[in-house]
Amino acid sequence: MTVLIAILIFGYLVSSLLAWLNLRHLRTNIDSPLPETMATQFDQQKKLQMAEYTAAKTNLGYWSGLLSTTVIIFLFAGGIVTKLALWADALNVFPLLQGLAALLALLLIGYIAGTPASLYSDFKLEKKYGFSTITIKTWLGDQIKGLLVSGILMSLLFSGFYLFINWLGNWWWLAAWGLVVSFYFLMIFLSPVVLMPLFNKFVPLEDEELKNKILDMAKRADFPLAGVFQMDASKRSTHDNAFFTGMGKTRRIVFYDTMVKGYRHEELLSVMGHEIGHWKMKHIFKMILAVSLMSGILLLAASRILAHPWVYNAIGLGGLYGRIGFNGALIGVALYVVSILFEPVSLLISPLMNRMSRRHEYQSDAFSLKLGNPAADMKGALIKLSQKNLSNLFPHPLYVIFHYSHPPLLARLKAIDAAGKRL
Ligand SMILES: [Zn+2]
């Protein structure tokens with residue numbers, strides 16, 4: 001048990017330390033000179049607001065992390081996990097369902113522990129800075145739909161895992177890996193047509209002129225596009241974004257409705273050119289490949305770890321292991337342990353993934369310029385995005401290594417200038 005608790009506390013401390021460094025770095029660098037093109041958008045008042053917003057989010061992170069870590073530790077140290085497993089084991093159902101009951105109950109407790117932070121963020125913090133527009137009704141709807149969707153997906157995955165563990169012994173991880181990777185692809189294909197519409201309304205981009213310009217550019221880049229959509233993101237928040245989603249027939253570009261207003265066509269086209277770059281250079285495919293590889297390694301590690309009785313002693317479940325064996329409820333509990341350990345482990349591998357992703361961002365920016373989008377428009381779009389989202393202009397380099405999938409704004413602007421000169 002001490003091993004598990006030590007890992008959880010270590011994970012919490014490392015991520016809190018990074019967040020603290022990041023905030024301190026912002027405060028000491030807030031008066032650094034900015035490029036002239038940004039000075040009007042980031043005046044003293046805006047910079048102070050950005051620092052305040054970053055601080056508020058950092059503080060919320062400390063508290064929500066502390067709460068969820070404490071709850072998990074209490075679950076183990078307080079013997080709740082053992083009680084839950086015995087309860088599930090006593091259920092008069094198939095062992096698969098006993099495991100599922102134990103797993104879902106534990107995940108539900110974790111979800112409840114995260115709810116205060118989610119409520120505070122949506123109804124207090126994000127409202128204070130003028131971002132959140134969400135109503136209680138939408139929030140509740142999101143929670144119910146989210147729980148249902150993740151409950152169904154979890155049940156499917158768990159059933160697969162359970163059956164593989166029973167049929168394949170030590171080799172279960174290989175089949176589970178196949179299942180997880182197929183799931184990734186299925187999700188990418190289905191999410192724009194099945195999952196996302198549960199939460200948002202998607203309509204073809206209303207601005208015909210812009211839509212034609214985008215389709216025109218896609219054609220020039222030899223990039224078949226299933227559609228250009230806008231999404232009613234404004235019913236939750238005024239944060240801006242645009243993204244690519246789907247695969248093959250479901251491939252599409254989506255603009256937040258908040259972003260369609262407030263940006264010039266040229267700026268939106270440069271963002272669009274960037275997104276086309278991701279596909280043209282197979283970034284999404286490479287990312288899925290990397291994530292799949294990581295999942296394989298983690299599953300292999302999980303299969304080796306879970307095969308040893310001493311592991312159950314180490315997490316305080318030795319008695320349980322002796323009593324019910326690696327079956328039913330204990331498989332549910334074991335996979336829950338794997339899932340909570342996944343967080344500190346993924347923090348450790350995040351620098352690799354983030355580095356790859358940031359490199360892709362630079363490459364896509366350069367691609368957009370090559371498509372004929374002027375550097376000034378690309379930079380204009382990014383500056384506006386940062387200003388409206390109150391993004392931290394001065395993140396700590398170490399924080400960037402661990403948490404930034406996109407380069408910080410200033411580095412990105414510099415790279416765009418350099419790429420523009422190379423053309
Ligand atoms: Zn990108």
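**Figure 1. The pairing of strands S3 and S4.** In this view, Phe244 has Ile253 of S4 as its bridge partner. Likewise, Thr245 is bridged to Arg252 in S4. S3 (residues 242–245) and S4 (residues 252–256) run antiparallel and are joined by four bridges. Strands (E, at least two residues) and helices (H or I, at least four residues) are DSSP runs numbered from the N terminus, and two strands pair if DSSP finds at least two bridges between them. Six residues lie between the strands of this hairpin, in which Gly246 adopts a positive phi near 85°. The model is predicted: local features need pLDDT of at least 70, side-chain atom pairs count only at pLDDT 80 or more, and totals for chains, interfaces and linings use all residues. Residues are numbered from 1 along each chain as its sequence is written.

Figure 2. Contact between two residues requires their C-beta atoms, placed from the backbone, to lie within 7 Å.

**Figure 3. Strand S2 and its two partners.** Three bridges pair S1 with S2 (residues 228–231) in the antiparallel sense, and Phe202 stands opposite Met231 of S2. S2 and S4, by contrast, pair in the parallel sense over four bridges, with Val228 opposite Ile253 of S4. Ile253 is also the bridge partner of Phe244. Four of the five residues of S4 are buried, so the strand is mostly covered; a residue is buried if 20 or more other C-beta atoms lie within 10 Å of its own, exposed if 12 or fewer, and partly exposed in between, with C-beta atoms placed from the backbone.

**Figure 4. The packing of helices H5 and H6.** The axes of H5 (residues 95–128) and H6 (residues 136–168) are 11 Å apart and form an angle of about 150°. The two helices are therefore roughly antiparallel, the term for angles over 145 degrees. Their crossing is right-handed, that is, the near helix is turned clockwise from the far one by less than a right angle. On the H5 side, the contact includes Leu96, Gly99, Leu100 and Asp122; among the H6 residues that they and their neighbours meet are Trp139, Met154, Phe158 and Tyr162. The contact comprises nine nonpolar residues, four polar and one charged. Here Ala, Val, Leu, Ile, Met, Phe, Trp, Tyr, Cys and Pro count as nonpolar, Asp, Glu, Lys and Arg as charged, and the others, Gly among them, as polar.

Figure 5. Phe402 belongs to helix H16 (residues 397–403). Because 17 other C-beta atoms lie within 10 Å, Phe402 is partly exposed. Neighbours within four places in sequence aside, Phe402 is in contact with Leu18, Leu347, Ser350 and Pro351. Phe402 and Phe285, 117 residues apart in sequence, are 22 Å apart in space, C-alpha to C-alpha. Thr2 is part of helix H1 (residues 2–29) and counts as exposed because it has 10 C-beta neighbours inside 10 Å. A separation of 45 Å lies between the C-alpha atoms of Thr2 and Met247, which are 245 residues apart along the chain.

Conventions:
Axes are lines fitted to C-alpha atoms, for helices over the stretch in contact, and angles run from 0 to 180 degrees between N-to-C directions. Angles under 35 degrees count as roughly parallel, over 145 as roughly antiparallel, 65 to 115 as roughly perpendicular and the rest as oblique.
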